Amino acid sequence: MADRRFIPATRRPSRPAPPIRRIANKRWATTPDSVQAWGWYVDGEKQKCDVLDLATERAKEGEGFVWLGLKDPTDEDMSRFARQFDLHPLAIEDAVEGHTRSKLEQFGDTLFCVISTVAYVDHEAVTETSEIVSTGQIMVFLGENFVMTVRRGENTPLYLLRQQLEREPEDLALGPAYVLYKVLDRIVDDYMQVVSDFETDIDEVEEDIFAQSGTTGVDRVYNLKRELIEFKRSVVPLAAPLSALSTRTYPVVPPETRAYFREVADHHTDARESILSFDEVLSTILQAGLARVGVADNQDMRRLSAVVAVLAVPTTLGAVYGMNFDNMPELHTRYGYFVVLAVMVLGMAACIAYFRDKGWL
């Protein structure tokens, strides 16, 4: 999507970053491995600071905000950050255990947003066991002076987004709400890309099912349906959080930003409607595939019936003349054997010609 710019409600004039102060007994012994990146931003400019808790204290005093990015944090990691940013225990529990659906909750002045992520899995062709989409989650804690993103899985890495925003300090100066907007924008863009790739797979299977010499197997269609259900479960629930962000009032989301969240919601609607249309298309393809299976089975039964009818001619004659009765005049004729063989051959030939004419053979 094209880059959009917020119009902030209020903004302090740019000024040099204040000197760093050391706060006693606040330095962490080590940085958790789950920390992917973090930064302290004042008027959109990243400050030179190596101590997260120090930057957090300065942000709480009104000097910019902190953006912390985590990936697959442990319970211990989340407990440390919960104390650092005064996060609600229920939100921390969701961040540690993961949540199955996208949602938006408010805990005091902090927003907690769970967003399902989706990525397309490359494959040479669609088979009955192909993995087409992989899912993950990004959880965003949004406060007045901080934003913390927690990523579960490998989908939608945010380091490129962070680099982009750091090159555009006038946008990053708009605060944590702008970061949430850009994260949602990036995730919905990924939805649209998966929609495009998924459509290609559906077209491939559809072409094969409806082709004159195509396969009649429906296992691939079932697999696409299964993967589409997983895709839909990840995408559809995000509609409620986007609607809330674009219509309701939150302390940490300026009213001027609602229009931008509405735009993301519009793009999300496009993705959701495409998924629903895919469901209908796959249902139609599945019905067509099952119909072709039925036709193929019926054709096989015709062939078997025709073969049985052809073999019935010699079987019947052989059964008649194989009976051990004494009074069977034909058994003693000079050319009886050759006559019976000729009748068998002519009878079988007549049956074969008939069934071929009817299209059974």
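In this predicted model, helix 2 (residues 75-85) and helix 3 (residues 89-97) pack with their axes 10 Å apart, at an angle of about 150 degrees. Helices here are DSSP runs of H or I with at least four residues, and strands are runs of E with at least two, numbered from the N terminus. The axes are lines fitted to C-alpha atoms, for helices over the stretch in contact, and angles run from 0 to 180 degrees between N-to-C directions. Helix 2 and helix 3 are therefore roughly antiparallel, a term for angles over 145 degrees.

Where helix 2 meets helix 3, Asp 75, Met 78 and Ala 82 are in contact with Ile 92, Ala 95 and Val 96; contact means heavy atoms within 4.5 Å.

Helix 2 also has two sides. Its buried residues (under 20% relative accessible area, with a 1.4 Å probe and protein chains only) are Asp 77, Met 78, Phe 81, Ala 82, Gln 84 and Phe 85. They lie on the same side of helix 2, because they cover an arc of only 160 degrees around the axis, taken from the directions from the helix axis to the C-beta atoms. An α-helix has 3.6 residues a turn, so residues three or four places apart point the same way. On the other side of helix 2, Asp 75 and Arg 83 are exposed, that is, over 50%.

The buried residues of helix 2 pack against several elements, including strand 1 (35-42), helix 1 (52-60) and helix 3. After helix 2 comes Asp 86, with a positive phi near 55 degrees.

Residues are numbered from 1 along each chain as its sequence is written. Local features need pLDDT of at least 70, side-chain atom pairs count only at pLDDT 80 or more, totals for chains, interfaces and linings use all residues, and side-chain values use heavy atoms, leaving out hydrogens and water.

Terms used: Angles under 35 degrees count as roughly parallel, over 145 as roughly antiparallel, 65 to 115 as roughly perpendicular and the rest as oblique.
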